4 protein chains.
Amino acid sequence: MTLHRTDITVRGFHLDLYGHVNNARYLEFLEEARWSMLDDRIDLADWQVRGLALTVVKISINYRRAASLGDKLEVRSALSEMRRKSATIQQRVFLKNTDTLVADADVTFVVVDVKSEKALPIEGDIAEALNVLRS
Amino acid sequence: MTLHRTDITVRGFHLDLYGHVNNARYLEFLEEARWSMLDDRIDLADWQVRGLALTVVKISINYRRAASLGDKLEVRSALSEMRRKSATIQQRVFLKNTDTLVADADVTFVVVDVKSEKALPIEGDIAEALNVLRS
Amino acid sequence: MTLHRTDITVRGFHLDLYGHVNNARYLEFLEEARWSMLDDRIDLADWQVRGLALTVVKISINYRRAASLGDKLEVRSALSEMRRKSATIQQRVFLKNTDTLVADADVTFVVVDVKSEKALPIEGDIAEALNVLRS
Amino acid sequence: MTLHRTDITVRGFHLDLYGHVNNARYLEFLEEARWSMLDDRIDLADWQVRGLALTVVKISINYRRAASLGDKLEVRSALSEMRRKSATIQQRVFLKNTDTLVADADVTFVVVDVKSEKALPIEGDIAEALNVLRS
């Protein structure tokens with residue numbers, strides 16, 4: 001598969017008093033990009049029926065460069081690692097059409113059975129589905 | 001009952017690029033104040049058990065004066081009107097310990113039966129419970 | 001001019017505990033749509049150079065129908081009224097490609113001179129610029 | 001100094017569709033707690049006059065346990081490390097009055113000269129001021 005790309009334009013309500021995108025807001029940008037990627041590549045309706053949910057257990061984000069009003073950002077996302085019980089999506093935020101990195105993050109999640117609230121092993125058709133998120 | 005008061009300190013992440021609290025953020029301040037009021041005066045656990053929820057159907061808010069970093073705000077809330085199927089809470093945001101009005105809003109809600117998703121008539125013990133929200 | 005349209009897909013982080021888009025979040029959807037409209041039709045860079053800003057003074061919003069995970073929304077925006085010192089943009093949120101109204105709002109703003117922090121009369125080239133926001 | 005503590009009550013608008021506090025929202029809780037700590041212990045007005053700002057460059061957060069409507073949280077914050085050009089604040093979110101850890105984060109920041117937009121060495125009176133943030 002190719003890398004997944006989501007465009008975001010920086011608006012006034014994304015900014016803090018220094019005129020820069022606020023830290024917490026980046027996590028919403030990343031979440032928007034992950035939902036968009038999952039929407040494109042995974043049958044989420046089927047997962048919902050089966051009572052499966054992705055739950056984020058760890059985020060590690062570096063803020064590299066401030067983004068300002070009107071900046072066009074591109075979030076590039078791909079599954080970077082799969083483990084027995086968790087997986088990691090790498091997400092990088094660039095100024096669109098440039099190599100200027102604004103932020104990058106590793107987002108680690110587990111696949112949870114909503115009823116039992118237990119993390120499931122990542123194997124079989126779950127592993128297969130996640131595999132299409134690789135770049 | 002007396003007027004309900006909730007304190008909020010303006011933080012950096014509440015501000016927009018002009019250094020003022022953003023429009024949407026005020027709605028969170030108001031919601032925080034309403035939850036705090038309901039928490040203090042209504043048996044929310046009992047309402048949840050009975051499948052009752054408050055659903056906002058209309059908000060009308062005036063932004064009177066910009067609030068800035070470090071400002072101490074006080075949200076004063078009280079039920080101002082009860083109708084057959086809806087009720088209104090008036091909320092005013094002041095600079096704490098002053099008469100300087102920052103914003104004021106009328107928030108109209110219905111009491112919904114979560115199962116049927118229908119608005120219930122505001123009468124009997126529901127009306128009684130809401131009555132304690134008056135100032 | 002034609003009505004301005006902005007698409008928004010409802011994501012998990014937009015929802016509250018009832019699985020519906022939260023009240024405050026709609027104001028961000030509306031703000032996103034207004035920025036997008038202004039971006040398309042007004043020379044915002046020129047306004048910034050001249051020290052002009054749009055400041056919202058009043059929002060009146062009706063929540064008509066809950067929006068849920070995955071819903072595709074379309075915000076339709078147009079200037080609906082111009083007065084001597086303020087103007088109003090009407091914004092309606094529909095389920096995309098339907099006549100199902102999710103929310104509608106009147107957003108009233110003034111044009112502020114950032115230096116003096118005074119509202120300017122809406123006349124001359126300011127009125128002209130705003131006129132292109134009519135549907 | 002003692003550990004700094006900030007209380008937060010989980011409200012409806014903090015939750016996502018699973019009824020749990022959303023990932024991005026935790027970063028606002030942490031930011032609220034950091035501002036509150038800085039407010040208590042550092043002369044922020046003086047820093048602002050001198051054109052100094054704290055800029056977050058990295059956040060690493062573990063989500064340990066879901067928090068739900070009405071939960072009382074306590075954020076415990078302290079400076080954990082000082083380096084030549086950056087420092088780290090450790091923040092742990094507990095269910096109040098318990099040892100149940102909800103989330104924990106390392107937040108790394110630099111001290112920026114707002115005019116030059118350069119990170120300053122952490123030494124002299126800057127290091128002294130930050131030292132009071134230790135537990």
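This note goes through the chain pairs, their interfaces and a few local features of the model.

1. Basis. The model is predicted; local features need pLDDT of at least 70, side-chain atom pairs count only at pLDDT 80 or more, and totals for chains, interfaces and linings use all residues. Residues are numbered from 1 along each chain as its sequence is written, while chains are lettered from A and ligands numbered from 1 in the order in which they are written.

2. Superposition is by least squares on the C-alpha atoms of residues with pLDDT of at least 70 in both copies.

3. Contact here requires C-beta atoms, placed from the backbone, within 7 Å. Helices (H or I, at least four residues) and strands (E, at least two) are DSSP runs, numbered from the N terminus. Ala, Val, Leu, Ile, Met, Phe, Trp, Tyr, Cys and Pro count as nonpolar; Asp, Glu, Lys and Arg count as charged; the others, Gly among them, count as polar.

4. Strand pairing across B and C. S2(B) and strand S2 (residues 52-63) of chain C run antiparallel and are joined by 5 bridges. Pairing needs at least two bridges found by DSSP between the strands. Within this pairing, Asn62(B) has Lys58(C) of S2(C) as its bridge partner.

5. Two packed helices are described by the angle between their axes and the distance between the axes. Helix H1 (residues 23-41) of chain B and helix H1 (residues 23-41) of chain C have axes that come within 8 Å and cross at roughly 175°. That makes H1(B) roughly antiparallel to H1(C). From H1(B), the contact uses Asn23(B), Ala24(B), Leu27(B), Glu28(B) and Glu31(B); from H1(C), it uses Asn23(C), Ala24(C), Leu27(C), Glu28(C) and Glu31(C). These residues divide into 4 nonpolar, 2 polar and 4 charged. On terms, axes are lines fitted to C-alpha atoms, for helices over the stretch in contact, and angles run from 0 to 180 degrees between N-to-C directions. Angles under 35 degrees count as roughly parallel, over 145 as roughly antiparallel, 65 to 115 as roughly perpendicular and the rest as oblique.

6. The D–A pair. Chain D is laid on chain A with an RMSD of 0.0 Å by a turn of 180° and a shift of 0.0 Å along the axis. Ser60(D) is the residue of chain D closest to that axis, at 2.1 Å for its C-alpha. 100% of the interface residues of chain D are also interface residues in chain A, so these copies meet through the same surface.

7. The D–A interface. In this contact, 15 residues of chain D meet 15 residues of chain A. Helix H1 (23-41) and strand S2 (52-63) are the elements of chain D that give two or more residues to its side. S2(D) supplies the largest share, 9 residues. The chain D side divides into 9 nonpolar, 3 polar and 3 charged residues. Strand S2 (residues 52-63) of chain A pairs with S2(D) in the antiparallel sense over 5 bridges. There, Ile59(A) stands opposite Ile61(D).

8. Sheet within chain C. Strand S1 (residues 4-9) and strand S3 (residues 72-82) of chain C run antiparallel, joined by 6 bridges. Arg5(C) stands opposite Arg76(C) in S3(C). S3(C) is also joined by 9 bridges to strand S4 (residues 87-95) of chain C, again antiparallel. Ser77(C) stands opposite Gln91(C) in S4(C). The hairpin from S3(C) to S4(C) runs through 4 residues.

9. Arg76 in chain D. Arg76(D) is in strand S3 (residues 72-82) of chain D. Arg76(D) counts as partly exposed because it has 19 C-beta neighbours inside 10 Å. The cut-offs are 20 or more other C-beta atoms within 10 Å for buried, 12 or fewer for exposed, and partly exposed in between, with C-beta atoms placed from the backbone. Leaving out residues up to four places away in sequence, Arg76(D) touches Leu3(D), Arg5(D), Arg92(D) and Phe94(D).

Notes:
Two residues are in contact if their C-beta atoms, placed from the backbone, lie within 7 Å.
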